[in-house]
Amino acid sequence: MEGMLHNSYVAHGYCLMWKPWLVGLHGLSDLLTALAYFAIPVAIFIFVKRRGDLQMKNLAWMFVAFITLCGLTHVVGLITLWAPIYETEGWVKGATAIVSVITAVAIFPLIPKALAIPSPSQMQLVNDQLTDEIAAHKRTLADLEAARAELERRVEERTQALNESQTFLKRITDIAPTMLYVYDIDHQRNEWINRNVIATLGYAPEEIHAMGDRMFPDIMHPDDFSRFKGHIDDQKKLGPDDTVEFEYRLRSSEGEWIWLLSQEMAYTRNGDGEVTHIIGAAHDITLRKEQEERIHLLMAEVNHRARNLLTVVQSVARQTSRLSDPATFAEDLSNRLAGLAASQDLIIEGEWQGVRMRDIVTSQLGHLGDSQLSRLVLDGKPITVSPAAAQGIGMALHELSTNALKYGAFSNEIGTVHIAWTVKMSQESAMFVISWQERDGPAVSAPERTGFGRTVIERMAAHAVGGVVDLRYDPDGLKWTLSAPLDRVLNKTEQAGRS
Amino acid sequence: MGHRILIVDDEPLIAMEIESTLSQAGFEIAHMAQSVETALAFLQDGVALDGAVLDANLHDASARPVVERLQEMGVPLLIVSGYSADQIGPWAEGRKLLRKPIVYAELIKSLTQIVS
C-alpha cells in the first residue's frame, strides 16, 4: 500500500474504499472494455487492409485511433485503481477527446458520401439489373451470331452460285468450237482468250501474251491489216446491240494463213460512251475460203474446157462443111458430135484422169446395128489412156466405123472387123499399137478425095498421141494401124507409176 | 511466098482447123506441134519462122517456155486460149490474146498485123 501512496494523490481504489467487489467491478470492466476497444481497431485494420477499394480509409484510421485511445483511457483507469496517475490519465483523456472531437467533426461531412455507398439491397437490385442486362446482351449476341451464321450461309450460297456460273462459263468457252476473246481497243491487246485461240493458232498462251499489242501487226496478213484500222473505228462506234464483222487472215505458229470471220459486240465503254473493250467470236473459215477458191478455180476450169470443147466443135463443123452439101453436112456433123459427146462422157466418168480402152471402143461403135456388132472382134488387154488420147482415138474409131458402114466390111452381110490393141517394145521404148482390120467386105479402093473422115483417121489421131498412122487399102480389106509412144497414150497416174 | 507460121495446140482438131484456115488465107504452115517439148524441138536456131499461133496450155503444162523461146528468137506470136489473160498468169500479160472459140477472121487479121 505504501507504494500506492508515493505521491500526493490517492489511488482510485481508495475512493472505493478498497471494497473488493467494487474495485473488482471497476477493474474487470475497465479491463474488458480496454480489451474490446483494442480488439475493435484490429478488426477495422484487417477489414481496411482486406478491402483495398474502401473509399473512407482516413475515417477508418481515425476510428482506429479514437477507439484505441478510448481503450487506453480504460487501461489508465484500471491502473488508477491502484496507482494515482491522474495526470497521465488526464493527458490520455485529453488526447482521446481531441481525436474523438476530430472524428465527430469529420464524420458529418462524410454522411452524404457514406450514404452514396450502396447498400447490399441496392447492390442486389443493381446486381439483378446487371444480370438482366447481361442476359439481354447474351440474347443479342446469340441473335447476332445467328445473323452472322445466316450471312455466312448466304455468302457460301452466293459463292457456290458464283463458282457454278464461272464453271458454267468456263466449260462453255472451253468447248466452243470457235475463238472467243475480249479485246482492249485502246491498248490493242487481248485481255482474255479461250482455249480455242491457242488450239487454232498454235501459239502458247505466254507467246500470245508476249506479243502484246504487236500481235495483229505481226501475225495478221498485211492486206488485211491495212483494213484493220477501219475496223477498229467501227468497233469504237458499236451500239449496245450492234455487231460488227471482219474477215482476215492470221499466221499460225506453223506459218500457215488461217482465214477468220470475227463477229464482235461492245463490252465496256469510257465516259464519252466510246467502246473501250469488245467481246468477239472468230470462226475458222479457212476450209470455206479454200472451197470457195477451189470452186472459183473449178468454174474457171469448166469455162475453159467448155470453150475448148466449143472450139473442137467449131473445128469439126468447119472441116465437115468443106467439100459437102448442106444435107450431108448436117448429118455428118450430128454423128461426129454424138461421137465426141460419147468420148466426153467417158472422160467425165473417169474424172479427167483416164479412160479404159475397151470403153472407148464400145462407146464409139454403139451406133452400129446388131448384125455389125456380131461381126466385130475386140482383142486387147485392159489399159487406161489419157483423156486426150481417148478423144483422138475415139474420133478415129468413129470415122472408121462410119466409113465401114458406108463402103467397107460393115456395108455387106459377111464382112468382119477386128480391133486389137497392145503394148510392144520397139527400139528400147514401149509403144502403144491399135489396129482396125477389115475383112470380107466389098472390093477396096483408095478414095479419090481427102475428106474430114480421112483427115481424122490419118492425121488427127496421130497428132493426138504423137504417133504414126499406117493406112492401107488392101484388096481384102482396109487396115488402119496407129503406133504411139506409150507414155503419150497413158494417163498420168499410170505414167507416174511406171517412171 | 506466104509467111511461115508455127501452130502449137494440144487439141489436134483445133490445130488442124487453124492450119486449114491459115493455109487458105495464104500463110505457109512451117510446123504443127502438140506439146512444149515438140515445139521447143522445132525451134532450133536458124529455123525460118515469121510468126506463131499457140495455145496457152499444152497437156496441162504452161506454154510459157515456148513463148519465151519465140520472144528470144524475135518471132511475133498470138496466144489462143479458152482462158482469160488473168487466168493464164502474169507471163501472158501484154501479149496478144485471142479467146477460144476462135473468130477466124480476127485470127487472120491479127496474124497479118503482127507478121508484117
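This is a predicted model: local features need pLDDT of at least 70, side-chain atom pairs count only at pLDDT 80 or more; totals for chains, interfaces and linings use all residues.

Student: Okay, and how many bridges join strand 9 and strand 10 of chain A?
Tutor: There are 11 bridges, and the pairing is antiparallel. Strand 9 covers residues 416-426 and strand 10 covers residues 429-439.

Student: What order do the strands of that sheet come in?
Tutor: It's an open sheet of five strands in chain A, ordered 7-9-10-12-11, with mixed pairing. Strand 7 (376-380) and strand 11 (468-474) each have a single partner strand, so one side of each has no neighbour in the sheet. On average, neighbouring strands are turned by 15° against each other, direction ignored.

Student: Which helix lies across strand 11 and strand 12 of chain A?
Tutor: That's helix 16 of chain A, residues 452-465. Helix 16 runs at about 155° to strand 11.

Student: Switching topic: which residues touch the most other members of the largest nonpolar core?
Tutor: Met357(A), Ile419(A), Phe432(A), Ile434(A), Trp436(A) and Trp480(A), out of 39 residues in that core. Helix 15 of chain A (residues 387-406) gives the most to this core, seven residues.

Student: What does Ile419(A) contact, leaving aside neighbours within four places in sequence?
Tutor: Its contacts include Val361(A), Leu365(A), Leu376(A), Ile434(A) and Trp436(A).

Student: And what's in the second core?
Tutor: That one is separate and has 30 residues, including Ile7(B), Ile102(B), Tyr104(B) and Val115(B).

Student: Let's stay with chain B. Is strand 6 of chain B mostly covered or exposed?
Tutor: Mostly covered: five of its five residues, 77-81, are buried. Leu77(B), Ile79(B) and Ser81(B) point one way, while Leu78(B) and Val80(B) point the other way.

Student: Which strands pair with strand 6 of chain B?
Tutor: Strand 3 of chain B (residues 51-55) pairs with strand 6 in the parallel sense over four bridges, and Ala52(B) stands opposite Leu77(B) there. Strand 7 of chain B (residues 97-99) also runs parallel to strand 6, joined by three bridges. In that pairing, Ser81(B) faces Arg99(B).

Student: Last one: how do helix 11 of chain A and helix 1 of chain B pack?
Tutor: They pack at an angle of about 50°, with axes 9 Å apart. The two helices are therefore oblique to each other, and their crossing is left-handed.

Note on methods. Residues are numbered from 1 along each chain as its sequence is written. Chains are lettered from A and ligands numbered from 1 in the order in which they are written. Side-chain values use heavy atoms; hydrogens and water are left out. A nonpolar core is a set of buried Ala, Val, Leu, Ile, Met, Phe, Trp, Tyr and Cys residues joined through side-chain atoms within 4.5 Å. Buried means under 20% relative accessible area, exposed over 50%, partly exposed in between (1.4 Å probe, protein chains only). Contact means heavy atoms within 4.5 Å. Two strands pair if DSSP finds at least two bridges between them. Axes are lines fitted to C-alpha atoms, for helices over the stretch in contact, and angles run from 0 to 180 degrees between N-to-C directions. Angles under 35 degrees count as roughly parallel, over 145 as roughly antiparallel, 65 to 115 as roughly perpendicular and the rest as oblique. A crossing is left-handed if the near helix is turned anticlockwise from the far one by less than a right angle, and right-handed if clockwise.
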